[in-house]
Amino acid sequence: MLSSVAKHVLHCCLLTVVVLFFEFLSGGLRWNSEKKEQLNPWIQYGFLGALTLYLLRTLTFLSFPQVLFNFVGLTIYNAFPDKVILKGSPLLAPFICIRIVTRGDYPTLVQTNVRRNLNKCIEVGLENFQIEVVSDKPIGLTPHRRIREVVVPPTYRTSSGALFKARALQYCLENTVNELADHDWIVHLDEETLLTDNSIRGILNFVLDGKHQFGQGLITYANEDVVNWITTLADSFRVADDMGKLRLQFTMFHKPLFSMKGSYVVTQMGAEKQVSFNNGLDGSVAEDCFFAMKAFSQGYTFNFVDGEMWEKSPFTLWDFVQQRKRWLQGILLVVHSKDIPLKKKLLLGISCYSWVTLPLSTSNVILAGLCPITCPPIIDFLCAFIGAVNIYMYVFGVVKSFSLYRFGVARFVLCICGALSTIPFNLIIENVAVIWGVFGKKHKFYIVKKELRQTV
């Protein structure tokens, strides 16, 4: 069995090979110094045609900052860390509230996952904790000294008009509802999120360290039964994104330069209350993103939390599209919000608009063959680099999510090929989500299906 260092070295070598292959294939690097036959795009396509082609090529570089963060994050930190080791006794850890927010549509799922997460916490040795379920509808949880069910009254309104998940999270912060002290900690989970041994140890290490008020860790999507292979393989990109961009921004800079996700978030109660989720309609569609940027603006610091948690990818392609559409619309609202200073959301804005302009930048795939243009060598090199890293992200996500020992070599290789084959599908889905998101109604919150019907 390979050590974690050996796995990381092999991964770095494979990434290098993929980048070099794309550079030579696209002409970003050449075996010889012979100059290619030059065409003049301004004559070949006319002024307007050439200008359009160059502008479309330039849009590719909006994704360069996050590609660079992913490349650096995946190489300078061990991408296959060993088992998380506790750095202190769980008995010395402050109180931890594991908070699950749900609309209450899937009570059986919530009950099952609460039971599993409770058993996992006890098994690992967590002492000072409670699992709190916050729901718009009663869940009917079995009474337990470590479980608390909070039902948000339908009459509850926030002062800013915050809705959806943000409204429920803000309700928990009200003085009449909150039972936590400012020095206690909250672990935010979605209703389908499952804890693991490593994530609990990682959370304990984070709160025992106490240097940063906010943290986030890795989530994978290919554990236990895979419901939809297409969406799960497409989500392998998100796994790589967690280990690359997200890990680098939190470990090196301790800032949410590109925002954060809404699950596997660890917050200190006092800091969360100060930032709050009472951020109006614009802060309600992507409440996690708005919260992170607001905390960043207020000077709070972040760190990466070791260990991974488990979730499921959307069960249907319809849910997959709706999920991406909501994310895009929510992040756009954050980027355009006057409450977040421009200098704090600059990288988030560039990343967001690389997503918004995806239909235009995707056209380069076709236009590069039909209407080639001459560019400086550095432009060709960087374009190939961006494409290579983005494609490798799918490969890494599969390697990180699927166990070679569980699946065997043949099925493991098949999963990698499957992830690569989902790239065209993912591009189509993302383009549909972008067009729909840009022109559709913004202040909506679509809930994806989280529970499968049990056959009797």
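1. Partly exposed means a relative accessible area between the buried limit, under 20%, and the exposed one, over 50%. Leu404 has 37% relative accessibility, so Leu404 counts as partly exposed. The model is a predicted one.

2. Leu404 sits in helix α16. Leu404 also belongs to a nonpolar patch on the surface.

3. Is Leu420 buried, partly exposed or exposed? Leu420 counts as partly exposed, because its relative accessibility is 32%.

4. What does Leu420 touch beyond residues up to four places away in sequence? The partners are Ile391 and Val395. Asn117 is another matter: Leu420 and Asn117 are 33 Å apart in space, C-alpha to C-alpha, and 303 residues apart in sequence.

5. Now the interior. In soluble globular proteins, nonpolar side chains tend to be buried together. Here the largest nonpolar core has 92 residues. Ile96, Ile98 and Ile203 have the most contacts inside this core. Helix α15, residues 377-401, gives the core its largest share, ten residues.

6. Ile203 deserves a look in the viewer. Neighbours within four places in sequence aside, Ile203 is in contact with Ile96, Val187, Tyr264, Val266, Val305 and Met309.

Technical notes: Residues are numbered from 1 along each chain as its sequence is written. This is a predicted model: local features need pLDDT of at least 70, side-chain atom pairs count only at pLDDT 80 or more; totals for chains, interfaces and linings use all residues. Side-chain values use heavy atoms; hydrogens and water are left out. Buried means under 20% relative accessible area, exposed over 50%, partly exposed in between (1.4 Å probe, protein chains only). Contact means heavy atoms within 4.5 Å. Patches are made of residues with over 30% relative accessible area and no salt bridge: like charges are joined within 9 Å, nonpolar side chains (Val, Leu, Ile, Met, Phe, Trp, Tyr) within 5 Å. Accessible areas come from the Shrake-Rupley method with a 1.4 Å probe; for residues, only the protein chains shown count as cover. A salt bridge is a side-chain nitrogen of Lys or Arg within 4 Å of a carboxyl oxygen of Asp or Glu. Helices (H or I, at least four residues) and strands (E, at least two) are DSSP runs, numbered from the N terminus. A nonpolar core is a set of buried Ala, Val, Leu, Ile, Met, Phe, Trp, Tyr and Cys residues joined through side-chain atoms within 4.5 Å.
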